[in-house]
Amino acid sequence: MLSEGIKPNRVAVLNVIPCVSSETDADEISRVIADCKLDLEQSIQNAALLMYSRCGRIDIARRVFGKIHDKDLIAWSSMIEAYAQADMPIEALDLLKQLKLQKIQLDYVTVLSVILACSSLASLRQARFIHGFITKGSFQNELVLETYVV
């Protein structure tokens, strides 16, 4: 596409990003995103955050997250998941606290990432916290959470 002189649009970039698994490719895609002036689109920012996380570059993912002006639930959840998968549970739980201060309603995807973070801590206190969080929230009928927590 690029060699033909065609600039990719948002949809093309969003379809390519999940295929990226190396930091070199991620950097190249990031340059294309900037050249095409797509770097301020929130869906692209969220996808880039996950792309760098998959490449093991949590530091760059965090930088991308920091540049997102109006963070939505997807951005918060993506960064929490990135920390949880990078075995950085304290950072994931710190972000959860910040998210709750923003008064953004959580979904079960976010809670699953929090459960992953808590499980790596092997802390009874954290397990009780997340259990209470699920039962007090509107997540009681989410089969995915019920299966995961049991």
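What percentage of the 150 residues of the protein count as buried? In this predicted model, 38% of the residues fall into that class, buried being defined as under 20% relative accessible area with a 1.4 Å probe and protein chains only. Residues are numbered from 1 along each chain as its sequence is written. Local features need pLDDT of at least 70, side-chain atom pairs count only at pLDDT 80 or more, totals for chains, interfaces and linings use all residues, and side-chain values use heavy atoms, without hydrogens and water.

The secondary structure comprises 9 helices and 0 strands, where helices are DSSP runs of H or I with at least four residues and strands are runs of E with at least two, numbered from the N terminus. The C-alpha trace spans about 55 × 25 × 25 Å along its principal axes.

Helix α5 (residues 73-85) packs against helix α6 (residues 89-101) at an angle of about 160°, with the axes 7 Å apart; axes are lines fitted to C-alpha atoms over the stretch in contact, and angles run from 0 to 180 degrees between N-to-C directions. The two helices, α5 and α6, are therefore roughly antiparallel, a term for angles over 145 degrees. Their contact (heavy atoms within 4.5 Å) involves L73, W76, M79, I80, Y83 and A84 of α5, together with P89, E91, A92, L95, L96, Q98 and L99 of α6.

How values were computed:
Parallel < 35°, antiparallel > 145°, perpendicular 65-115°, else oblique. Buried < 20%, exposed > 50% of the residue type's maximum accessible area, 1.4 Å probe, protein only.
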